[in-house]
Amino acid sequence: MKALTAEGLSFGYGNELIFDGFSLTIESGEFLGIIGPNGSGKSTLLRLLSGTLKPLRGVVNVLGKEIDRLSRKEIAQTIALVPQESFFAFEWTVQEVVLMGRNPYLKLLERPRQEDLNKVAETMKLTGVEMLATKSINSISAGEKQRVLLARALAQEPQILLLDEATSHLDLAHQVALLQILKTLNEQGKTIVLVSHDLNEAALCSRLLLLAQGKPVACDIPAKVLTPDLIRAAYGLEPVVTKHPCTGKPQVLFPSI
């Protein structure tokens, strides 16, 4: 089954279209990376796929159903979006923020059940934020907050996980840990879509979509997308592409730096 399909999407801000007739299919269990320069539409595409934004034209389907015909609760039980940044107006504790991921499974004013608390504890341990449970979400570092947002998304138990620059605020050890979590989740069958500016990080995905000005430059396995010609066309830079000595995945270097 197709996890997500975008058919003929058009969307823009003001009078400027970012996407015009854009289409994409994401298979269930796929690990798709989305790359491209600033302004190419990566974050906007994630928000369209999650239903956060509505296209001017076109349709997004989730597991074969039009997203507009699903309730917000149904969408939240199927798709979780980890944004690049998130702001909290109230001094929620970290545990309270992660617990918000269980809202799609609770009735109005229903108190969390033991199974909800267990899921919150599980995802906080998985993402390494259990020691922050009683801290205010606004008092922790940007990297810690990013891991809390991932824990909240995983608490939703989604079939599809969308991440926008999920490692951008993390130190090296936590970057590696997060990517290992994503790899394990994908091996367990979860569909993952990862927006990244790090081409070598994106090379870990099973397929890459390279965007430039809202248009797909290429969409294929990493070895066929991370090529000197395509990188030059999208970024205007002259790369050297090699193979990782352990994984054989493409590695992108910029010798002019």
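Which elements each supply at least two residues of the lining of the second largest pocket? In this predicted model, they are α2, spanning 72-78, and β6, spanning 79-82. The second largest pocket holds about 320 Å³ of space. It is lined by 14 residues, and those closest to its centre are T52, R72, I79, L81 and Q156. By class, its lining comprises eight nonpolar, four polar and two charged residues.

The largest pocket has a volume of about 530 Å³. Its lining consists of 21 residues, of which L179, K183, E201, L204 and T247 are the closest to the centre. Two or more lining residues are given by each of α6 (172-187) and α7 (199-202). The largest share, eight residues, comes from α6. The lining of the largest pocket divides into eight nonpolar, eight polar and five charged residues.

Strand β1 (residues 2-13) runs antiparallel to strand β2 (residues 16-27), and nine bridges join the two. Together β1 and β2 form a hairpin with two residues between them. At this turn, G14 has a positive phi of about 70°, while Y13 stands opposite E16 in β2.

Notes:
Residues are numbered from 1 along each chain as its sequence is written. This is a predicted model: local features need pLDDT of at least 70, side-chain atom pairs count only at pLDDT 80 or more; totals for chains, interfaces and linings use all residues. Side-chain values use heavy atoms; hydrogens and water are left out. Two strands pair if DSSP finds at least two bridges between them. Helices (H or I, at least four residues) and strands (E, at least two) are DSSP runs, numbered from the N terminus. On a 1 Å grid over the protein atoms alone, a cavity is a set of points where a 1.4 Å probe fits but cannot get out, and a pocket is an open set with protein on both sides within 12 Å along at least five of seven lines; lining residues have an atom within 4 Å of a point. Grid points are joined across faces, edges and corners, and a volume is the space filled by probe spheres set on the points. Ala, Val, Leu, Ile, Met, Phe, Trp, Tyr, Cys and Pro count as nonpolar, Asp, Glu, Lys and Arg as charged, and the others, Gly among them, as polar.
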